Amino acid sequence: MFSAARVWSPPKDLQVVIEAAIQNIQTDTVYDLEVMLKKRKTVFLSLLKNMPKDLSHREAVKKSVTVGLQVHGEQRTQTFPVEVIEEAIISDLFDLNEYAALELLLAGEDNKPAFPGLTRGLVAVLLYCDWRRSLVTALRTLVLALEGWTWTLGLPADFAPLINNYVQKLVGENLTNKILGVL
């Protein structure tokens with residue numbers, strides 16, 4: 001089985017880089033922070049929105065017991081056990097695209113050793129919630145790092161303009177209304 005973590009780990013990676021740069025003030029992470037922020041801008045702008053459900057994806061996942069399915073950019077096709085396909089109803093629980101739900105379950109399978117006694121589906125639910133928490137925490141950390149008229153975190157000179165400009169661009173692209181819409 002391939003590692004599906006690449007689908008569900010970007011917000012976690014983003015949170016780690018942002019916290020290293022801002023909270024731990026690791027000056028050697030400025031380049032990583034800049035690259036990560038550019039790469040993940042759409043993640044912030046589509047705040048907590050799942051890929052929409054698709055009937056053709058649902059059918060393809062159901063058929064993947066016998067007919068191979070290409071999962072997230074893999075060159076080869078894979079078949080999956082009936083149990084995994086039945087658990088893909090997690091897509092209904094989170095109003096999630098079926099491909100994303102399957103990849104989430106595969107990530108749950110990969111991470112089961114870290115959660116002894118829990119099933120693949122429960123680990124997938126934990127990963128999904130952790131993904132959302134990581135995204136919101138990363139955004140919150142960025143917003144808290146903004147310099148104001150009377151406050152500053154005292155970040156290195158490389159960080160402050162990068163963070164201020166980035167957050168201002170997000171706000172300029174309607175982030176505030178998207179946050180209010182989610183609430």
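Residues are numbered from 1 along each chain as its sequence is written, and side-chain values use heavy atoms, with hydrogens and water left out. Because the model is predicted, local features require pLDDT of at least 70 and side-chain atom pairs are counted only at pLDDT 80 or more, whereas totals for chains, interfaces and linings use all residues.

The secondary structure of the chain comprises 11 helices and 0 strands, where helices (H or I, at least four residues) and strands (E, at least two) are DSSP runs numbered from the N terminus. Read from the N terminus, the order of elements is α-α-α-α-α-α-α-α-α-α-α. Along the principal axes, the C-alpha atoms of the chain fill a box of roughly 60 × 35 × 30 Å. Of the 183 residues in the chain, 42% are buried, with buried taken as under 20% relative accessible area, exposed as over 50% and partly exposed as in between (1.4 Å probe, protein chains only). Where contacts (heavy atoms within 4.5 Å) link residues at least 6 apart in sequence, 64% of them join residues at least 24 apart.

The largest nonpolar core contains 27 residues, among which I18, I22, L33, L37, F44, L142 and I163 touch the most other members; a nonpolar core is here a set of buried Ala, Val, Leu, Ile, Met, Phe, Trp, Tyr and Cys residues joined through side-chain atoms within 4.5 Å. At least two residues of this core come from each of α2 (10-22), α3 (30-39), α4 (41-45), α9 (120-144) and α10 (159-172), and α10 gives the most, with 6 residues. When residues up to four places away in sequence are not counted, L142 touches I18, I22, L37, F44, I163, Y166 and V167. A second, separate core is made up of 22 residues, including V84, A88, L96 and W131. In soluble globular proteins, nonpolar side chains tend to be buried together.

Helix α2 has 13 residues and reaches 18 Å from its first C-alpha to its last, close to the 18 Å expected at 1.5 Å a residue, the expected span being 1.5 Å times one less than the number of residues. The buried residues of α2 are P10, P11, L14, Q15, V17, I18, A20, A21 and I22. Helix α10, with 14 residues, reaches 20 Å between its first and last C-alpha atoms, close to the 20 Å expected at 1.5 Å a residue. Its buried residues are F159, A160, L162, I163, N164, Y166, V167 and L170, and the buried residues of α10 pack against α2, α3, α4, α9 and α11 (175-182).

Helix α5 (residues 55-63) and helix α8 (residues 98-111) pack at an angle of about 40 degrees, with their axes 8 Å apart. Axes are lines fitted to C-alpha atoms, for helices over the stretch in contact, and angles run from 0 to 180 degrees between N-to-C directions. Angles under 35 degrees count as roughly parallel, over 145 as roughly antiparallel, 65 to 115 as roughly perpendicular and the rest as oblique; α5 and α8 are therefore oblique to each other. The contact involves H57, R58, A60 and V61 of α5 together with E98, Y99 and L102 of α8. These residues divide into 4 nonpolar, 1 polar and 2 charged, given that Ala, Val, Leu, Ile, Met, Phe, Trp, Tyr, Cys and Pro count as nonpolar, Asp, Glu, Lys and Arg as charged, and the others, Gly among them, as polar.

Helix α8 also holds E109, which at 26% relative accessibility counts as partly exposed. The C-alpha atoms of E109 and A124 are separated by 7.8 Å, although the two residues lie 15 apart along the chain. R120, in helix α9, is buried, with a relative accessible area of 16%. Not counting residues up to four places away in sequence, R120 touches E83, V84, E87, L105, G108, E109 and K112.

Most residues other than glycine have a negative phi. In the loop between α2 and α3, I25 has a positive phi near 45 degrees and is partly exposed, with a relative accessible area of 37%. D95, in the loop between α7 (90-94) and α8, has a positive phi of about 50 degrees although it is not a glycine, and D95 is exposed at a relative accessible area of 52%. Just after α10, N174 adopts a positive phi of about 75 degrees.
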